[in-house]
Structure formats: structure tokens, C-alpha cells
Amino acid sequence: MWRRRPLLPVLPAPASPGEGGAPPVPLRHLPGVRIKDERANPTGSPKDRMASPAVSWARGREFGTVAVAPTGHAAVSTAAYAAAAWAVRHGRGDGYAPS
């Protein structure tokens, strides 16, 4: 994914534990068709490709907190990448965000 970095907005060093290397896998029932197996990403989710540049952007602007809706793959990926980027602060979980 980061080999296309020149096409992305200016970002600092990426928060990247190795997403985007999902191998193309042939489909048994459709000969000649291959799909990307996103389970090879660090969190096993296709949302890793979204979380990496988003957390990198936030870290580059020196934000101390990254927030995301607590649903499914997007939340898991964002939490994992924020932890990798040292951008996580533990909150109370009730919507309160200390300043």
C-alpha cells in the first residue's frame, strides 16, 4: 500500500505493521478469477488499509487521541494502528473525553 505513497496526501512516517500485502487467491468456482485475501493483513481486516493512513495523519498532526465508532472491523483496525503509533489514551467509555 505504501508504495503508492506519492499519490497520498503528505503524511509523516506511516503507522504500518505491514498491511496491504494480501495475496491474490484463485476462486475454485470461477477459474481464472483471483481475489485479495485480506485476512493476511495485521488485524485480519480490509479496514487496515483505511486505518494506517488515518492514524498516520493524526499522529503527524500531534493529536493525542484517535476516536472511531465502536463497530466491527473499522474500530478494531483503528485501535490496533493507534496502539502501534502510541496514539491511544484510555477513556471512560461513556463519551466523556478529558481535555
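Predicted model: local features only at pLDDT ≥ 70, side-chain atom pairs only at ≥ 80, totals over all residues.
Two residues are said to be in contact when heavy atoms of one lie within 4.5 Å of heavy atoms of the other.

The protein has two helices and two strands. Read from the N terminus, these elements follow the order β-β-α-α. The protein has 99 residues, of which 25% count as buried. Among contacts with a separation of 6 or more, 49% join residues 24 or more positions apart.

Helix H1 covers residues 48-60 and helix H2 covers residues 72-84. The two helices pack with their axes 9 Å apart, at an angle of about 40°. H1 is therefore oblique to H2, because an angle under 35 degrees would count as roughly parallel and one of 65 to 115 as roughly perpendicular. The crossing of H1 and H2 is right-handed. On the H1 side, the contact is made by Asp-48, Met-50, Ala-51, Ser-52 and Val-55. On the H2 side, the residues they meet are Ala-74, Ser-77, Thr-78, Tyr-81 and Ala-82. By residue class, the contact of H1 with H2 consists of six nonpolar, three polar and one charged.

The loop between strand S2 (34-36) and H1 contains Asn-41. Asn-41 has a relative accessibility of 4% and so counts as buried, since the cut-off for a buried residue is under 20%. The side chain of Asn-41 reaches the backbone oxygen of Ser-45, at 3.1 Å. When neighbours within four places in sequence are left aside, Asn-41 is in contact with Glu-19, Gly-20, Gly-21, Pro-46 and Asp-48. One of these residues, Asp-48, also belongs to the set in H1 that meets H2.

Gly-72 is located in helix H2. Its relative accessible area is 53%, so Gly-72 is exposed; the cut-off for this class is over 50%. Ser-45, whose backbone oxygen is reached by the side chain of Asn-41, lies 27 residues from Gly-72 along the chain. The C-alpha atoms of Ser-45 and Gly-72 are separated by 9.5 Å.

Terms used
Residues numbered from 1 in each chain as written. Heavy atoms only, no water. Axes fitted to C-alpha atoms, helices over the stretch in contact; angles between N-to-C directions. Helix = DSSP H or I, 4+ residues; strand = E, 2+ residues; numbered from the N terminus. Parallel < 35°, antiparallel > 145°, perpendicular 65-115°, else oblique. Left-handed = near helix turned anticlockwise from the far one by under 90°. Nonpolar A, V, L, I, M, F, W, Y, C, P; charged D, E, K, R; others polar. Buried < 20%, exposed > 50% of the residue type's maximum accessible area, 1.4 Å probe, protein only. Polar contact = N/O pair within 3.5 Å; in protein donor to acceptor, adjacent residues only side chain to side chain.
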